[in-house]
Amino acid sequence: MGTVVSFINQKGGVAKTTTAINVSAQWAKEGKKILLIDLDPQSSATRAIFGDQDFENTIYDVLTGELEARDAVVSSESFGIDVIPSEIMLSGIEIILASKFGRESILKRALAEIKDQYDIIVIDCSPSLGLLTVNALIASKDIVIPICPEYFSLKGIDLILETLKHIHTGLGHKIDVRGIIISKYRSRKIVEKVISDLRTNYTIPVFNNYIPESIVVEEAHHRHLPMLHYSPKNPAGMALANLAAEMWS
Ligand code: ADP
Ligand code: MG
C-alpha cells in the first residue's frame, strides 16, 4: 500500500526540489517503487530530471480531469523513478480548480487509482500555500519541510504548522510532519543557533543529516542526474543518501 509524502515550504530556493528528486532516486536504488509528482508550475523537478524535453501529458491535465493519472506517468531511467511532469500552464490552474466540487481533494482522488502501484509517492510542491499545495497536503500522509537555516525560516515553519492546523480542523485531515530538512548547510555560529532554536522550540523532529552547500548539487541538476550517479562521494551526495535512509529505512 503506497504512502504519500510532500516536500513543502512556501519559501522558494530552500531545496524542496533538490531533496525530493535525490531522496526519490536513493529510495528507488534501494528497491522502492517511486512516483514523483512535480506540482510546481516552475517545473524545476521536471527540468532537472528530463532537461528540455516537452511532455504532452502533465499534472495539469490530470488536475483539470482531462486525463487519468496513469496516462501522465513517464519513466526516468537515470533516476529510476516514475514522474508526472509539470508545465508552466499549471500557474493558472488555481482559478480553474476554485469552482470545482471538492476542490481541495482533486489530487487525492486522481491518485487513488495508481497509489497501490507505488511504495512511495513524492510530491514536490510549489513555493506557496495556495490551493495546489492544499491539494498536496490533502493527498499526503506525511510532509517534510526543507529549510535553509536562517532566522526568517522559523517564521515560515509557523505558517506551515498553522496551515496544517486549519486543514485538520476544517477538512478533518491530520498530517504528520516527519521532520525538517536542513539544506545548504554551512557550519557557522548563527546557523547553529537557528538549528538549536528549532530543536528546542518546536516539537517537530529535525533530521540529523544536514545537506551541506555544494556547487556539485547544482552541476548534477544541469547534467540531469541524481547525486548518487553524478557524485556519490561528495559530502552533499552522501548526506542526501543518508537522509533518504533516515527518512525511510
Ligand atoms: P526549491 O525547490 O525549494 O525552490 P531548489 O531545490 O530548486 O529549491 O534549490 C534552489 C537552488 O539551490 C537550486 O539552484 C539548487 O541547485 C540549489 N541548491 C539546492 N541544494 C543545494 C546545496 N546543498 N548546495 C548548493 N546548492 C544547492
Ligand atoms: Mg522547487
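Which residues line the largest cavity?

1. The residues in question are N9, K11, V14, I147, C148, S153 and G156, which together line the largest cavity. By class this lining has three nonpolar, three polar and one charged residues, where Ala, Val, Leu, Ile, Met, Phe, Trp, Tyr, Cys and Pro count as nonpolar, Asp, Glu, Lys and Arg as charged, and the others, Gly among them, as polar.

2. This is a predicted model, in which local features need pLDDT of at least 70 and side-chain atom pairs count only at pLDDT 80 or more, while totals for chains, interfaces and linings use all residues. Residues are numbered from 1 along each chain as its sequence is written, chains are lettered from A and ligands numbered from 1 in the order in which they are written, and side-chain values use heavy atoms, with hydrogens and water left out.

3. The structure holds one cavity of 30 Å³ or more, and about 40 Å³ of space lies in the largest cavity. On a 1 Å grid over the protein atoms alone, a cavity is a set of points where a 1.4 Å probe fits but cannot get out, whereas a pocket is an open set with protein on both sides within 12 Å along at least five of seven lines, and lining residues have an atom within 4 Å of a point.

4. The largest pocket holds about 580 Å³ of space, and of the 26 residues that line it, A15, T18, K184, E218 and H221 are the closest to its centre. Helix α9 gives the most to this lining, with five residues, and the lining as a whole divides into eight nonpolar, 11 polar and seven charged residues.

5. The elements that give two or more residues to the shell around ligand 1 are α1 (16-29) and α9 (215-222), helices here being DSSP runs (H or I) of at least four residues, numbered from the N terminus.

6. Among the polar contacts (pairs of N or O atoms within 3.5 Å), a polar side-chain atom of T18 lies 2.6 Å from an oxygen atom of ligand 1, and a polar backbone atom of A15 is 2.9 Å from an oxygen atom of ligand 1. A backbone N or O atom of S214 lies 2.8 Å from a nitrogen atom of the ligand.

Technical notes: A polar contact is a pair of N or O atoms within 3.5 Å; within protein, one must be able to donate a hydrogen and the other to accept it, and residues adjacent in sequence count only if both atoms are side-chain atoms. Grid points are joined across faces, edges and corners, and a volume is the space filled by probe spheres set on the points.
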